[in-house]
Amino acid sequence: MTALLEAQGLTRSFGVSQGMFKARRTLHAVNGINLDIRKGEVLGIVGESGCGKSTLARMLLGLLPPTAGKIALDGQDIHTLGRKGMARRVQPVFQDPYSSLNPRRTIASIVSLPLEVHGIGTAAERRKKTLDILDKVGLPQRFADRYPRELSGGQRQRVAIARALVMNPEIVVCDEPTSALDVSVQSQILNLLMDLRRELGLTYVFISHNLAVVEHIATRVAVMYLGRVVELAETEALFKAPRHPYTKALLTSVLTPEPGAGIPETGLGLAFPDPLNPPPGCPFHPRCPERMAQCSTITPRFTEHGRDAVACHLHDPELRASTPRNVVTL
Ligand code: SF4
Ligand code: MG
């Protein structure tokens, strides 16, 4: 599969004031990510709250410019496509269907707004397209003239999906699209997303803290830790035989149900490190049960293993050959 969207050295830093004296610190929310999103795949992105998933999503949508690195869509820098050019090809579905729909607009007006903004079609053509899309997402056409408050959470998320699809995008970036919904409704929305992908040939970036959902929907998974991708693998391989100690910990942990609700229970003993003061060497080393002497000083390279890749000294063929295993206790 060829790369449709490709991030190279993608970095986003924010200046943050901290402490009593408001000292300026730099937060590297996304830190040097290389990632290719292939046509037709569902790339799941997982990691604890605060690992940079949502920042990465906004960058892939062209909503947040990088501080370093670049993103190319079909080989073209998205910077040159502009917001409008990007909106025609990459669309978002966000977590909260309650706050992402304008309460004063009807469903038809919400769904057709992107067409209006881009000056696509006549009013009658836009209306027809809107009704067609409502059909596709499983909403009755009579909902067109209702308001968001008259719909359930699942129905509102269907509206948000309809709004994303009305532009005929190639890529849909879903950031926790089912996290705000009741469990019973979550699977309906996931099934709808899968059906639409097949029917429309869509490519998804699917961000979630819910590993069961990602295992169900994704074809490949990127695991993020402190702004970096630490493991990238085909879904089955990742869940069956994770390489990175952090991935192993995630798979055996119970994450908090609410993104942003604090430190998840990873069973790793130590809390998630301060992103403003990330550990040197491997950023995971203070929590890693398999750390070695070099882990606290040398940042691991991202090395390829067949179709998968991992950033850990344990899996770096060169370091592995030259260094005896030496687990240190802190
Ligand atoms: Fe653990 Fe070292 Fe691998 Fe980091 S590089 S994940 S500390 S073994
Ligand atoms: Mg988030």
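Predicted model: local features only at pLDDT ≥ 70, side-chain atom pairs only at ≥ 80, totals over all residues.
Okay, let's start with helix α3, residues 107-117. Which residues of α3 are buried? They are I107, A108, I110, V111 and S112. As for what sits over them, the cover includes α4, which is 123-136, and α5. And if you follow the chain just past the end of α3, you'll come to G119, which takes a positive phi of about 60°.

Now put α5 next to α3. Their axes come within 7 Å and cross at roughly 30°. Angles under 35 degrees count as roughly parallel, so α3 is roughly parallel to α5. The crossing is right-handed. On the α3 side, the contact uses I107, I110, V111 and P114, and on the α5 side it uses V159, A162 and R163. By class, the residues of that contact are six nonpolar, no polar and one charged. If you're looking at the spacing on the helices, remember that an α-helix has 3.6 residues a turn, so residues three or four places apart point the same way.

Let's go on to the other partner of α5. Helix α5 covers residues 153-165, and helix α6 covers 183-200. Here the axes come within 10 Å, with a crossing angle of roughly 20°. That angle makes α5 roughly parallel to α6. This crossing is right-handed too. From α5, the residues making the contact are G153, G154, Q157, R158, I161 and L165. From α6 you've got V185, Q188, I189, L192 and L196.

Is L196 buried or exposed? L196 has 20 C-beta neighbours inside 10 Å, so L196 counts as buried. Leaving out residues up to four places away in sequence, L196 touches K136, L165 and L202.

Most residues other than glycine have a negative phi. D74 isn't a glycine, and yet its phi is positive, near 50°. You'll find D74 in the loop between β4, 68-73, and β5, 76-77. With 14 other C-beta atoms within 10 Å, D74 is partly exposed.

The other one is L226. Its phi is positive as well, about 45°, and again this is not a glycine. L226 lies in the loop between β9, 220-225, and β10, 228-234. How many other C-beta atoms lie within 10 Å of L226? There are 22, so L226 is buried, whereas D74 is partly exposed.

Last stop, ligand 1. There are 14 residues around ligand 1, and which of them come nearest? That would be C282, H285, C288, C295 and C312. Taking the shell by class, you have nine nonpolar, three polar and two charged residues.

How values were computed: Residues numbered from 1 in each chain as written. Chains lettered and ligands numbered in written order. Near = placed C-beta within 6 Å. Nonpolar A, V, L, I, M, F, W, Y, C, P; charged D, E, K, R; others polar. Axes fitted to C-alpha atoms, helices over the stretch in contact; angles between N-to-C directions. Helix = DSSP H or I, 4+ residues; strand = E, 2+ residues; numbered from the N terminus. Parallel < 35°, antiparallel > 145°, perpendicular 65-115°, else oblique. Left-handed = near helix turned anticlockwise from the far one by under 90°. Contact = placed C-beta atoms within 7 Å. Buried ≥ 20, exposed ≤ 12 C-beta atoms within 10 Å, placed from the backbone.
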